[in-house]
Structure formats: C-alpha cells, structure tokens
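Subject: Model handover

Hi,

Here is the structure we talked about. Please open it alongside this note; my findings follow below.

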Amino acid sequence: MSLTVADMLAQMSASRINHFRNDQVQDRAPYPDAHRGFLTPEIAAQVRRDISSWEGYRSTPLHNLEELAQAIGIEAILYKDEAPRFTLRSFKALGGAYAVDQLLLRELPKRVGDAVTQEQLNSGDFADECSGITIATATDGNHGRSVAWGAKRRGCPCQIYVHEGVSEGRREALRSFGAKVIVVEGNYDDSVHRAKADAAASGWFVVSDTSYPGYTQPPTDVMRGYTVMTGEVVDQLGSGPVPTHVFVQGGVGGLAAAVLAHLWTVYETERPRFVIVEPELADCLYQSAIQGSPFDVKGDLGTMMAGLACGEVSELAWPIIHDGAADFVTLPDATVPLAMRYLAQADIEAGESAVAGLCALLCAAQKAPLRERLGLTEESRVLLFGTEGATDPELYTQITGKPVQMNA
C-alpha cells in the first residue's frame with residue numbers, strides 16, 4: 001500500500017521533537033582561524049583529488065524533493081543521496097578508507113625507506129608490505145565497512161569490533177570484505193574501548209572516527225574524507241542560491257563537523273544555518289550543547305538509526321560543532337520507517353540513519369513554534385544528507401516492502 005505525503009505528514013505531526021538553540025552562534029560569523037588546522041579549501045581540494053583517483057569514484061546524486069517542499073511550505077528540499085557511493089551504500093566509504101590510505105602513506109615509508117604516493121597505493125605496489133599492517137576499528141556498521149573495504153583494497157588484515165546490537169546482516173557485510181568480526185557486550189562505546197585495548201596489546205593500527213586524548217590523526221583523516229561529499233554538493237548547486245539550512249545527522253559528530261566546516265569555508269558569512277539531528281536516546285551532541293562541553297550519554301543508546309547510536313562525542317569534532325551549529329534536535333524512531341517508505345516509492349534508497357534530517361525537518365515544519373525558532377519560512381532551502389542506502393538489505397525490505405538491488 002502506497003504512502004501519501006498527507007498520510008506521512010499526519011503521522012509525523014504527532015511525534016515529539018526536542019530542540020535546543022545555541023545562542024552563542026553568530027549566523028554571519030566568518031570561519032574561525034582556530035579550525036583552519038583541520039580544514040581549508042586547499043586541504044579539501046587535495047582530499048578530493050586523492051579520492052577521485054580511486055577506481056569506481058563518481059559523484060552521487062542531489063535530489064530535489066519538490067513535492068515534500070511544497071507540502072510543508074518551503075522553497076526547496078535538497079537530498080544528497082549516498083546510496084550509490086562506491087557500492088558500499090554509505091558516505092562512510094569516503095572516510096574510513098581514506099584514513100586507511102593516509103595511515104599507510106605515513107607508515108609505509110618507515111618500512112620501505114622512501115616516500116610512497118597515492119598513485120603507488122592505487123597500483124598495489126606495496127601490497128606485500130601492507131600485509132604486515134593490521135587495521136582495527138569499532139563500528140555500528142558503516143564506518144567498519146569502509147575501513148574493511150579500504151584495508152582489503154590495500155592487502156591489510158582487518159579486525160572489526162561491533163557491539164551486540166549490530167545486526168547479523170551488517171556483521172556479514174563486514175566479513176564479506178575479509179574482516180574478522182569481534183562481538184563485544186554492551187554498546188558502541190564499549191566496542192570502541194575494546195578495539196583500542198586489543199590494538200595496543202597486539203601492535204595493530206586503529207582507524208577510528210572517534211577522537212580521544214592523544215588520538216586525533218585518523219579521525220581527522222576520516223572527517224576530511226567526508227568533505228568530498230560536500231564538495232560535490234557545492235558543484236551541483238553551482239551558481240544557484242545557497243541553502244538556508246542544513247539538517248545533518250549527529251552520531252559522534254564527525255560527519256556534522258566535516259559538513260559544517262567545509263560549507264563554512266566555502267560560503268563564509270553566507271553559510272547556511274546548521275541543525276544537528278539525533279535519536280532521542282542517543283543524544284550526546286544535544287546534551288553537550290546544553291552543558292556547553294562534551295557530555296557522554298550512558299545506557300543502551302537504543303535506536304533503529306544504528307549509525308547514530310553513539311554516546312560519546314568526538315573531541316576533535318566538538319569545537320567545530322560548538323562554534324558553528326545553531327540548533328540541536330532529537331526525534332523518536334517512529335518517524336523513520338515513514339520517510340524510508342516514502343523515499344522508496346520515489347526510487348530513492350534510504351537506510352534508517354539516512355532519513356534523520358528529513359524526519360526532523362518534516363516534524364519541525366508542522367509545529368508552528370518550532371518552525372519559527374528554526375527560521376523556516378517560504379523562502380527556506382534545506383540541504384539534507386541521505387547518508388546511507390540499504391546497508392541492512394533484509395531490514396530495508398521489511399520496512400519498505402521493496403527488494404534491494406544487490407549490484408547497486
């Protein structure tokens with residue numbers, strides 16, 4: 001049975017959505033010098049050159065969801081669709097695999113006694129040396145797939161740690177790239193701590209998207225990899241109007257900080273208003289915004305938005321988010337299947353975490369006080385990031401009723 005826009009909006013309108021406004025953010029503030037060590041236009045351009053040299057690279061689509069925009073009374077909803085990304089069905093392909101390459105470009109010269117280039121990695125010139133470098137990470141699914149894929153391409157052994165809530169479908173996807181999967185009791189943050197401890201004991205190299213004291217370079221590389229996605233958006237927008245708002249997923253904060261920093265460097269004082277979106281039970285960025293400093297959320301972090309089930313904020317990402325994100329919202333899981341089903345009808349493959357920004361926008365736009373607080377008007381142009389496709393094909397089909405094309 002098809003889902004009409006009217007039915008979807010009616011069901012979403014009853015959903016609870018929490019909002020916190022970061023009053024310290026200046027809408028027209030220039031990009032801070034303090035963050036230029038992480039990202040400048042020159043750094044973003046180099047990252048894009050590196051990743052665009054990978055076999056299979058192509059820009060992903062930017063959809064204009066005109067029917068939905070008209071239904072909620074705004075000018076445009078632009079949806080960056082990451083489902084076709086490198087066959088991994090996720091924007092994460094840009095981060096973990098890029099960080100693997102950067103680690104190897106730092107480590108291999110110590111072993112071969114000479115500089116190593118991206119072109120040599122692409123050509124497999126050092127596959128034998130790479131076989132002695134073991135990569136490890138923790139994941140809810142998508143980051144680990146990118147790391148495992150990146151490690152397999154270069155010939156590195158890979159150890160992936162998942163918590164017990166990660167579905168068997170996502171575990172099997174990790175194994176398909178040759179990774180050994182270790183299941184850890186507890187939540188995502190427990191798997192992060194276990195991966196860190198085992199790697200230290202075994203001489204492995206951790207490629208995490210979460211930073212902590214003394215560990216910042218791989219998470220920096222992961223976040224820089226994500227900027228390829230925003231660079232494509234800028235090209236796709238061309239000389240058209242700049243989005244007024246960006247609704248972007250939270251998690252540990254790496255994606256949000258990368259998107260924010262890159263669009264800030266491009267548009268400077270004309271940058272969009274950034275709204276961070278999280279599940280209501282995994283809201284570490286929302287709580288950190290209230291506290292004014294990183295705040296860890298404990299418990300099972302239960303959400304069907306598996307890629308956002310994070311309780312600890314990335315220390316690298318937080319200063320950028322704190323300085324640039326105007327709003328933080330949380331929403332319940334009940335909204336997610338509705339958006340997934342609607343997009344599936346439009347032949348847009350969107351996984352559970354992909355629709356967080358869309359759900360938040362559709363809910364908020366129907367609540368007059370919140371709509372006003374977020375500055376949503378008839379002239380608003382909202383950019384969303386559909387961060388994943390059907391990364392768990394069985395679950396996707398259960399929710400949408402639509403089979404997954406496995407060769408997508």
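This is a predicted model: local features need pLDDT of at least 70, side-chain atom pairs count only at pLDDT 80 or more; totals for chains, interfaces and linings use all residues.

Two strands count as paired if DSSP finds at least two bridges between them. On that basis, 4 strands form an open sheet in the order 6-5-4-7, with parallel pairing. Strand 6 and strand 7 stand at the edges with a single partner strand each, so one side of each has no neighbour in the sheet. Strand 4 and strand 5 run parallel and are joined by 5 bridges.

**The whole protein**

The protein has 17 helices and 11 strands. Its C-alpha trace spans about 60 × 45 × 40 Å along the principal axes. A compact globule of 408 residues would have a radius of gyration near 22 Å; the protein has 20 Å, which agrees. Of the 408 residues, 60% count as buried. Now take the contacts between residues at least 6 apart in sequence: 75% of them join residues at least 24 apart.

**Helix 9**

Helix 9 covers residues 188–202.

Which residues of helix 9 are buried? They are Tyr188, Asp189, Ser191, Val192, Ala195 and Ala199. Viewed down the axis of helix 9, the buried residues fall within an arc of 155°, so they line one face of the helix.

On the face of helix 9 turned away from its buried side sit Ala200 and Ala201, both exposed.

At the start of helix 9, a side-chain oxygen of asparagine 187 comes to within 3.0 Å of the backbone nitrogen of aspartate 189. Aspartate 189 is itself among the buried residues of helix 9. Just after the helix, glycine 203 takes a positive phi of about 75°.

That is what I have for now.

Best wishes

Methods: Residues are numbered from 1 along each chain as its sequence is written. Side-chain values use heavy atoms; hydrogens and water are left out. Helices (H or I, at least four residues) and strands (E, at least two) are DSSP runs, numbered from the N terminus. The expected span of a helix is 1.5 Å times one less than its number of residues. Buried means under 20% relative accessible area, exposed over 50%, partly exposed in between (1.4 Å probe, protein chains only). The arc is that of the directions from the helix axis to the C-beta atoms. A polar contact is a pair of N or O atoms within 3.5 Å; within protein, one must be able to donate a hydrogen and the other to accept it, and residues adjacent in sequence count only if both atoms are side-chain atoms. The radius of gyration is taken over C-alpha atoms; the globule rule is 2.2 Å times the number of residues to the power 0.38. Contact means heavy atoms within 4.5 Å.
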